[in-house]
Structure formats: structure tokens, C-alpha cells
Amino acid sequence: MQNNTQTQLEFPTVMGQPYETIPDDLFIPPNALELCLETFSGPMDLLLYLIKKENINILDLDVSKITDQYIEYIDLMDALQFELAAEYLVMAATLAEIKSRMMLPQDVHEEEEDDPKSALIKRLQEYQRYKTVSEKIAILPRVDRDFFLASASLPKIEVEKKDIQITKDELVAIFHEVKNRPDLKSNHQIDFEELSTQERIQIILEILSKRNVISFSKTLRKTEGRQGVVVTFLASLELAKDGHLELIQNETEEIFLKSKGAIS
Amino acid sequence: MINTVEALLFGSGRPLRISEIRSLLEFDGVTAELSEIKQCLNELETRYIDSSLEVVEIASGYRLQIRQEFSPALSHLWNERAPRISKALMETISIIAYKQPVTRGDIEDIRGVSVSTQSIRSLLERNWIKVSGFKDAPGRPALYSTTKEFLDDLNLKRLSDLPELPDPADNIVQDDDHQTIPQAV
């Protein structure tokens, strides 16, 4: 994962002489460092880079040294007004915490699991696994980058096309038909129910208080139509549910409402 | 029949499974055993030995590819190169591939940075990942898994063909890939 935008650390030599100071006329693009910092995919990546540069095992992590280096980078990024992701600061805080803990006398009884250093090492190791494998996946042959698919254009498939034959009159007729078609998808407003089930319950109770049995059809008012039937039926079901009346259906289709008495 | 199979592979514009080839042949009035179709594919392979083509089996079936050795020649056909995939995005897709199904939070835990909606979207748009469910946790976060297309695009048949995930204890210094970067001063 060599990065071309990054320059070598060693002093360059010119005709055998080390060149220790940057020539005044050397042009350094102002965004050079910003660019290189963008190559880190996050604070873990930066931290791993610093560890790798030290050539040490993650397990032998010298937090104190790494923290200093890490914070130097953060300062530099800050000085360059590089928009820092908050996660970089979180990591800096974590490192500072570990460093400060190390300065305090060791508590022998301190539990391993609470140790932020070993927690950080575990996270770094876990991250390292995926970072490594992602680099391997990145160089796997990829379609349209490393290899290409073979295809052939399809032969002309003949589809029989018939011209539409239509007269002007037919077109007018169709237009009228479409225009007059009932609009099945239009919205409609739902009005308050004109017939209230509650009201109908009262009416049925009143009827039943006068006579014991009444046929369902006699409770209907013709003018109310289908809606009336539904409301009356709902009302009688409601009453039957509450035990005020009994619904009886004999062999005929007619339903009878029979009072169960004891209606106050 | 072998030529019909070849024609189907050339014309389909997508990988074909042997069973798909069989039903396509059936529409054409040819009944063939799966083994016979496999035989055809093998014969095509032999036929192409001396050509720029190859029959390749990937996760979604079989397809015809141009041998990789011709890629440099082909690359001049287009002005634009295939878009680069950032390091961060490769890390994200790798975590999804090895730990699937995962939530965005799971990825963030490992990477130590927030994973942008944009990067998840770009993987979804590429058809490399899909939402495979929702985790039974507060907020019901989406669970992501890789798709067959992801394997197809990397010329792989199955997930186990991906490089092996290194052991967590693997020594970091082992890889001698040294980045160089201007030192903080």
C-alpha cells in the first residue's frame, strides 16, 4: 500500500551531500500534508501506522511514546486547520488516560479486563485483522478494473408489428367513453353516519318493551334502505351480545328479536 | 447444443446457472440433462484454450470473460478507469464480508470511526451489500450482508474463497510494507 503522495523520511542527498534544510525555492503544495492525512482511514489506522513505524509488536506497545507522537500529529492537523474527525480526539483522550494511569503506582489487584491498555491493544489487533484482509481484497482481480466480461450484441430479433388502424370517429367515441367512465380511484369524504347504531338500540329497546317478539324486517324503515338494514342489524347484534335480547331464526329466512325481559 | 449454450452465455449479459440454461434450452425445444450442459461448458472451455476467452464459474453461475492478460489492451477502450474504492470503504466491506450480518454499529466498533451513510449507500448501489434483516435491538438497526454480485465482481464462487482472516495474535511487524509519511515536526 505504497502511497505516492507521501515523501521519504530520510534526508535526501544531492551529489553525495545530505541535504538537511529545505531549499527556500522548493515548492510544497499547501495541501500536501492534508492529503497524506486523508490516507488514514481513521484513528486506529494512524495509530497502527505509528506502531509499525516503531517496528514493534502491538503487545509491546509503548503507550507513552506513541501518545506523544499521536498527539504531535493531532496538533499538526489542528495547526493546519485540518478538519479533525471527533474520533481522533477520542483516541487521543484514550491514550492520555492510559499514559496517566501508567504514571500512577500500580494497583496489584487491578483487574486485567478493566485495563484500558489491554482493551486498546485488543481493539488494535482486531482492527489490524480487517485492515490486513481488506488490503488483500483490494488487490483481488476486480471486474472492469482487472478483468472484463465477454458479451456479444444480440442478433436482431424480428417482432411482428401491426399498425394500429383507427378512424377519427372511433377515437372520438373512445375519448367520450374514457371521459365518462366512473372515476374509481377518486377520493371521497367519509361523512358522519346518518343513522346511529346507538339511536337504533334505543328504538329497538322501546319496541321490545311494548311487545315481546318482533320480526327483524318490521324494525326497518323502508326509506333508510340498505344502510338502515346494516345499522339495525348491528344494533340487534349489540343487544344480543349484552344479553338484552335473543336472535331467533327458524326455517324461514326471517330473524326474530325476542326480548329476554328484565330490561330496565 | 453446445453452440446454443455459447450463444446464451454471450447474449445473456449476466451469469447463467446450469439450471437456467436447461430451462432456456427447454423453451427452445431441447431437453438436456444438467450433466450434459456441464459437459457443454467444459467443451467450450477446451474450445477457448487458444483464444482470448474463458468460461468462468462464479457465485451467480457461469459467464464468459476475456482473459485477464488482455486487460491492458482493453483498458484503452475507455477514457475513464473504474472508480477507485477508498481504504475506508474496503475496510467496511471486509468487515461486512467476514462478520455478516452486521449493523453499522458493529462496523464502527471495529474501525473506530463513524461509518457514513454515504459509504453504506455506495456499497448498496454497487450491489455489493444488501439489507438482510433488522437486529432485535433498540432502533432496530439494519443488518448488512454481502451479495452474490460482490463475489461475482471479485471472480469468486463463495465467501470461503476470500483471503483468510488473519489471526488476531498475528504479529503486526510481520508485514514489511513500510509506509512513508512526512513526520510530524
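Strand β3 (148-149) of chain A and strand β2 (residues 61-66) of chain B run antiparallel, joined by 2 bridges. Strands here are DSSP runs of E with at least two residues, helices are runs of H or I with at least four, and both are numbered from the N terminus; two strands pair if DSSP finds at least two bridges between them. This is a predicted model, where local features need pLDDT of at least 70 and side-chain atom pairs count only at pLDDT 80 or more, while totals for chains, interfaces and linings use all residues. Residues count from 1 along each chain as its sequence is written, with chains lettered from A and ligands numbered from 1 in the order in which they are written.

**Where A meets B**
- A:F148 has B:I66 in β2(B) as its bridge partner.
- The contact (C-beta atoms, placed from the backbone, within 7 Å) takes 54 residues from chain A and 43 residues from chain B.
- On chain A's side, α5(A) gives the most, with 14 residues.

**The sheet in chain A**
- Three strands make an open, antiparallel sheet in the order β4-β6-β5.
- β4 (213-215) and β5 (245-249) of chain A are the edge strands, each with a single partner, so one side of each has no neighbour in the sheet.
- β4(A) is joined to β6 (residues 255-259) of chain A by 3 bridges, and A:V213 has A:K258 as its bridge partner in β6(A).

**Helix on the sheet**
- Helix α7 (residues 197-210) of chain A packs on the sheet and touches β4, β5 and β6 of chain A.

Key. Two residues are in contact if their C-beta atoms, placed from the backbone, lie within 7 Å. Axes are lines fitted to C-alpha atoms, for helices over the stretch in contact, and angles run from 0 to 180 degrees between N-to-C directions.
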